[in-house]
Amino acid sequence: MSDHHKETFLNKYVFSLDHKMIAKQFLITGMLMGIIGMLMSILFRLQLSNPGESFAVLEWFLGSKWAPGGILDPNMYLSLVTMHGTILVFWVLTAGLTGTFANFLIPLQIGARDMASGFLNMLSYWFFFVATVVLLCSLFVETGPASAGWTIYPPLSALPQAIPGSGLGQDLWLVAIALFIVSSLLGGLNYIVTILNLRTKGMSMSRLPLTMWAILITAILGVLSFPVLLSAALLLIFDRSFGTSFYLSDIIIGGETLHNTGGSPVLFEHLFWFLGHPEVYIILLPSLGIVSEVMSVNSRKPIFGYKAMVGAMLAIAFLSFVVWGHHMFITGMDPFLGSVFTFTTLLIAIPSAVKVFNYLATLWKGSIRFTPAMLFTIGFVSTFLTGGLTGLILGDSALDINVHDTYFVVGHFHIVMGLSAIYGMFSGVYHWFPKMYGRMMNKKLGYLHFWVTFISAYGVFFPMHFLGLAGLPRRYYTNSAFPMFDGLSDINEIITFFAIIGGLVQLVFVFNFFYSIFKGTKASSNPWKANTLEWTTPIERIHGNWPGEIPEVYRWPYDYSKPGADEDFIMQTEPLKEGEIEH
Amino acid sequence: MSTSKNNTSKQLLWVGMAGISMFFAGLTSAVIVRSAEHGWNSIDMPIWFWRSTIAIVLSSILLIIAQNQVKKGNTPTVYIVGALVLGLFFGYCQLMGWKQLTAEGMYFIGEGSNPASSFLYVITFAHLLHVIGGLIALLVTSVKAVQSKYTKENYLGIELTSIYWHFLDLLWVYLFVFLLYSVK
Amino acid sequence: MTNILIALVLILLIATLVQVLRVSELLSELKNQDVNEVTNKDNATQSRILLIVGTLFLGSVVWQFVNWIPLMLPPASSVHGAVIDSLMQFTMLLIIFVFFITQPLLFWYGYKYNKSKENPIAFFYPHNNKLEVIWTVVPSIVLTAVILYGLSAWDKITNADTTDSQIIELYAKQFDWTARYAGEDNTLGFSNYKLVKGPNQLGVDLTDVFAQDDVVIKEVHLAVNKPVLLKMRSRDVIHSAFLPHFRVQMNCVPGMITQFAFTPTQTTAEMKIQEGEDFEFVLLCNKICGAAHYNMQMKFVVETEEEYTAWMASQKTVNNTLTKKQ
């Protein structure tokens, strides 16, 4: 396929229809937002571990209105917590993760020229870009950005009189999220249709790399769950701006008696979490897929239990739709419902456990090559285990009573999302960087990045479980108002210490990434000696991916160290030898 | 090349419609939850919404005929334009329906509003927004039909417009019956 | 001025890093090595670091448990709380057990199977259905036990017999708590948010006969071993009544009344001996509710029945404070 349009800067780098460029747009936007989100967490951690102390850096970043005399304003604290969550959950771990790897890998791994609709794909990025601009603008409004938590429960998120951030800041947040959801849906359409329709000859569904399965399932989850968040947000917009009573009832705020009756905040919670729970699997699944790939390539072994891995992902996806109530055990809902959600939530542990055992079996008797990507993959397994296990406590309604909304939850979700899913993302970047940019990322900086991150991140989030078991609630501006928490200040200081180190070392990654784009050592077209189709493309990256015909596929992607082979890998494009049996 | 593009375009549309369905599933679930609580009024469904239902069903039928015609090699133009006209009439009926509601004291917000009326407005409004997309598609298809751009071999545009329009039709019928039952 | 200096330092730092990297790449070119190739030496080093860091990590986990368990909440001071604590212990032991088997396996496999001259090729082992069945069935059995135990505890907690419970309303607003006892008739008087006015901050319907003996108060006293039914509501946004020592938590939602039943089993005096003179039972807000969310508190005092009766007798009822003032 040849391209007749003249390549201008605009249509090569800005309004590109090429999936590889769109992927990089998502990646870089995601990285920049990640830096902003991380910075926010450092700022509010400073406040938490040193309440009442003045920090010049707070005033430097936030100005004298929100950090007068270097002391963080309590409303801004809640804004930072809200925006940190919003940016990291949606912008980095959803758009940054799926947007990058789905766009980059799908055509390359299934053997297609590009996505089913390059135009919809481009739109998907530009909606995301506009959403980003709107969200960032909300940081600068006079009454402050949204501050009712990333979960924006009404009435707090509906009433500016309840908290200043629920004014214009919340409006902009809602507009940004609506645009974000549209972006996500446009992307999802492409991912599903392309994987189902545009596979090359020989690429049956059972020969798909696990990354493709993961992304396909993620996209289906997204199409079915994001629109429900849109409906929840729409009704919230009406309550906020048009005086309806979908969520509001019996309220006196700021001395004013409101007219709303008959609304239910719990309705919002149901609609929100109907997306909210699948959302965390939308975040996790692509990383599960990436890690399967990286682990196999770098252990020089097939991923153990391909069918079981696919089955487990399908089970997780299906179950993810029926567990949302575990976020709502103490909302006053019918106890019977609570039992149902406990049951389904604990069930989800089974396919998750199966996946972990399969990963361990993949490593067993492997011949492991420790690239930075592989280290992050091993880190993924460790943190997914840790975070998954604490989920057993939170998913049990009786136990949740005393740990709901405490630091126990904060520890849990950061370990599964902020560690596991991000490690998957890092792993993917280090692994596919040569394919994206034709150069290698620096190995030593990669090692440094991994070890400091691995140690600091556990240093930040593991202790949080103890804070939670000591009864410490989340989203508290300071812990000094209750004498019962005085003994916990040492733990808080340790957490902040590791948070600062962990935050700073991410700059090493950012530096490595951008330096290597321009000055990294040139890569060969298959530096990791991997089997999948993307490594058969020329290193210079062209529109349409392959210069001639798209290669045909003859086998599954995991023929590593297959007995009887000449090398320890056989690419999918290699026809079966005489007498060779396909796995 | 065209068959695979046909397939992918249609599938893109199907997946998109699945997403839109979930959006309305969210809204109708909200109605179910809310209507079980106290303070849920009953509303007489405006006669205009009955008329709009007939209009959209008829317009879908016209599109089916249009597609059959083009398959046989005849011109589908009059049927597509007819569907467009009925679609515009659907929009008009919706607006008149809202006008009738306010005349009867059922408002969207403020004094005179109640949860049932608020939901009625929100859901019909959300549907109409999606119908606008369908009307644009019908307009484009009509123009192309007038220009004789569709042949027996290639009438993908009519197919896509029809699929989406039938979806809007069925969605409306579902919402209409659902609301009829919920606010009686 | 400082800002300019900081910016300059940052730029210099980045420039230095760039030069260091360039030098290392050039040196490798001279030695004819690929600076970014992962060699067997790297595999050996990294796998060793993995084992060391992994061990230190597991050690740190043990250290955290040993050092910080004393900081945990004391054993529950309520009947259902003891049920929760047992379930928690069981589940914790289970996950700690699984944790200390699987994490070491992970680090050990990473260490042992590093690519080296001795281990140049992997073992081609794509699947084993029997293993899949085993490690699906075993977790299923374990989780079934966890589920059944959990559901039975949940049922005990949410289906408690409240026929003899003392009813107390907890009214949440930005940023404090007020309690209202149901009085002698153990029935809370009707309330409506539109009736909030002046001293009637809870919107109690003063014409309601059941309201007359209600006691509105800013500190809750409870008689030990006597069942209590808390009824929660909110004036403005969602709050959450969190009483960690009693293992009680329930959202307070405007427009809804939620409830939680429990029976305190230890007096404040007993707890002061156990935990120190400064101990108090306390109610916290545990759902983000605005700027002072971190400081919404109310004291709970658990005392003997005699002390409680004496205390109650000295409190003023709605009849005395609100109705008569009308």
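Biologist: Which residues in H2(B) are buried?
Modeller: This is a predicted model. In H2(B), the buried residues are B:Phe49, B:Ser52, B:Thr53, B:Ala55, B:Ile56, B:Ser59, B:Ser60, B:Leu62, B:Leu63, B:Ala66 and B:Val70.

Biologist: What do the buried residues of H2(B) pack against?
Modeller: Two helices of chain B: H3 (77-103) and H5 (156-182).

Biologist: How far apart are the end C-alpha atoms of H2 in chain B, and what span should I expect?
Modeller: They are 38 Å apart. Helix H2 of chain B covers residues 47-72, and its 26 residues at 1.5 Å each should span 38 Å, so the two values agree.

Biologist: And what comes just after H2(B)?
Modeller: B:Gly73, with a positive phi of about 95°.

Biologist: How many helices and strands in chain B overall?
Modeller: Five helices and zero strands. The pattern along the sequence is α-α-α-α-α. The C-alpha trace of chain B spans about 55 × 30 × 20 Å along its principal axes, and 40% of the 184 residues in chain B are buried.

Biologist: Switching to the chain pairs. Which pair has the most contacts?
Modeller: Chains A and C, among the two pairs that touch. The contact involves 98 residues of chain C and 108 residues of chain A.

Biologist: Which element of chain C gives the most to the side that touches chain A?
Modeller: H4(C), with 14 residues. Other elements supply at least two residues each, including helix H1 (2-30) and strand E6 (239-243) of chain C.

Biologist: What is that side of chain C made of, by class?
Modeller: The side of chain C that touches chain A has 58 nonpolar, 28 polar and 12 charged residues.

Biologist: How far apart are chain B and chain C?
Modeller: Their closest C-alpha atoms lie 11 Å apart, and no contact joins the two chains.

Biologist: Now the sheet in chain C. What is the strand order?
Modeller: E4-E10-E9-E6-E7, five strands in an open sheet with mixed pairing. Strand E4 (220-223) and E7 of chain C are at the edges; each has a single partner strand, so one side of each lacks a neighbour in the sheet. From one strand to the next, the twist averages 20°.

Biologist: How do E6(C) and E9(C) run, and how many bridges join them?
Modeller: They run antiparallel, joined by two bridges. C:Ala241 has C:Cys285 in E9(C) as its bridge partner.

Biologist: Which helix packs on the sheet?
Modeller: Helix H6 (residues 305-313) of chain C, which touches E4 and strand E10 (297-303) of chain C. The direction of H6 makes about 140° with that of E4(C).

Methods
Residues numbered from 1 in each chain as written. Chains lettered and ligands numbered in written order. Predicted model: local features only at pLDDT ≥ 70, side-chain atom pairs only at ≥ 80, totals over all residues. Helix = DSSP H or I, 4+ residues; strand = E, 2+ residues; numbered from the N terminus. Expected span 1.5 Å × (residues − 1). Buried ≥ 20, exposed ≤ 12 C-beta atoms within 10 Å, placed from the backbone. Contact = placed C-beta atoms within 7 Å. Nonpolar A, V, L, I, M, F, W, Y, C, P; charged D, E, K, R; others polar. Pairing = 2+ DSSP bridges. Axes fitted to C-alpha atoms, helices over the stretch in contact; angles between N-to-C directions.
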